[in-house]
Amino acid sequence: MKSKVYFSRTITPEKVLELYKLLGKELTGKVAIKLHSGEVGNQNFLKPDFWKPVIDFIGGTVTECNTAYNGERNTTEKHLKTFIKHGWSRYFNVDLMDAEGPDLVLDIPEGKVIKKNYVGKNLANYDSLLVLSHFKGHPMGGYGGALKQLSIGIASSYGKAYMHGAGVPADIWTADHDSFLEAMADGALSIVKYFKGNAAYVNVMKNMSVDCDCCAKAEDPCMKDIGILVSLDPVAIDQACLDLVYAATDDPGQKHLLKRIESRNGVHTIEAAAALGVGSREYELIELK
């Protein structure tokens with residue numbers, strides 16, 4: 001059966017909550033809400049005001065992990081200051097899951113490239129997961145969406161280097177590229193299995209730059225905003241976003257974004273995740289106003 005992906009071209013905070021409710025999925029217990037805190041200097045990330053209605057409705061905790069590259073989020077001290085600077089701490093309970101070690105290690109016996117995923121140890125405090133993703137380009141992955149949030153996003157600082165390096169942290173920027181993409185799929189599988197279906201996904205196609213929210217100096221958005229998507233399937237929701245980009249043939253910025261995605265073989269993360277059973281590339285897009 002095809003996975004359901006709900007879609008609206010109306011992009012408002014209220015519409016995010018409205019579409020989420022259509023999933024009919026109750027996220028029980030303590031809910032980790034994974035989003036991108038935004039690198040200091042980045043102009044494109046989605047701000048706390050945008051996510052507030054759905055986060056308030058869920059009542060969960062905003063979670064993040066430290067980065068593996070220089071910036072204002074690569075140490076616990078700096079990242080906590082970024083939470084304050086960007087307003088997350090003002091609105092929500094926040095949890096930097098790898099603020100202190102040791103990491104939580106998840107085994108991935110089915111993994112194609114990596115057999116372990118090193119994640120923030122505080123993940124163990126949560127029973128379910130809501131992934132709030134800003135869909136856009138990415139300097140290494142080609143694009144960033146639900147699968148990137150599940151993998152790189154939940155990995156600890158060490159785990160990010162481990163995944164980027166396809167199991168060899170020292171090779172963080174030099175590992176075989178497709179192996180890195182496959183390692184992300186492996187990492188995503190470990191998180192999906194960890195939460196045993198107690199997860200939901202929101203992708204927002206707004207402020208679509210070729211660069212990620214992790215870039216302090218990012219290009220301005222090149223494409224027009226497209227809409228909001230929600231699903232219980234992280235593979236389906238990312239595939240649907242890619243398909244919507246390809247369908248936007250009248251958008252003058254489409255070719256620029258596609259060049260970034262295709263030059264990094266971004267679809268391979270989706271291919272690898274589907275092959276592992278993380279989700280399905282076959283979906284039913286249910287469009288609402």
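This short talk walks through the sheet, the helices packed on it and the nonpolar cores.

A word on the basis. The model is predicted, so local features need pLDDT of at least 70 and side-chain atom pairs count only at pLDDT 80 or more, while totals for chains, interfaces and linings use all residues. Residues are numbered from 1 along each chain as its sequence is written, and side-chain values use heavy atoms, with hydrogens and water left out.

The sheet. Helices (H or I, at least four residues) and strands (E, at least two) are DSSP runs, numbered from the N terminus. Pairing takes at least two DSSP bridges between two strands. Strand β1 (residues 3–8) runs parallel to β12, with six bridges. There, Val5 stands opposite Leu285 of β12.

Now the helices. Contact means heavy atoms within 4.5 Å.

Last, the cores. A nonpolar core joins buried Ala, Val, Leu, Ile, Met, Phe, Trp, Tyr and Cys residues through side-chain atoms within 4.5 Å. Buried means under 20% relative accessible area, with a 1.4 Å probe and protein chains only. The largest core has 59 residues. Helix α7 (residues 177–195) gives the largest share, nine residues. Leu147 is among those with the most contacts inside this core. Beyond four places in sequence, Leu147 contacts residues including Ala188, Pro234 and Ile270. Another core, of 29 residues, lies apart and includes Trp51 and Ile55.

Note on methods: Buried < 20%, exposed > 50% of the residue type's maximum accessible area, 1.4 Å probe, protein only.
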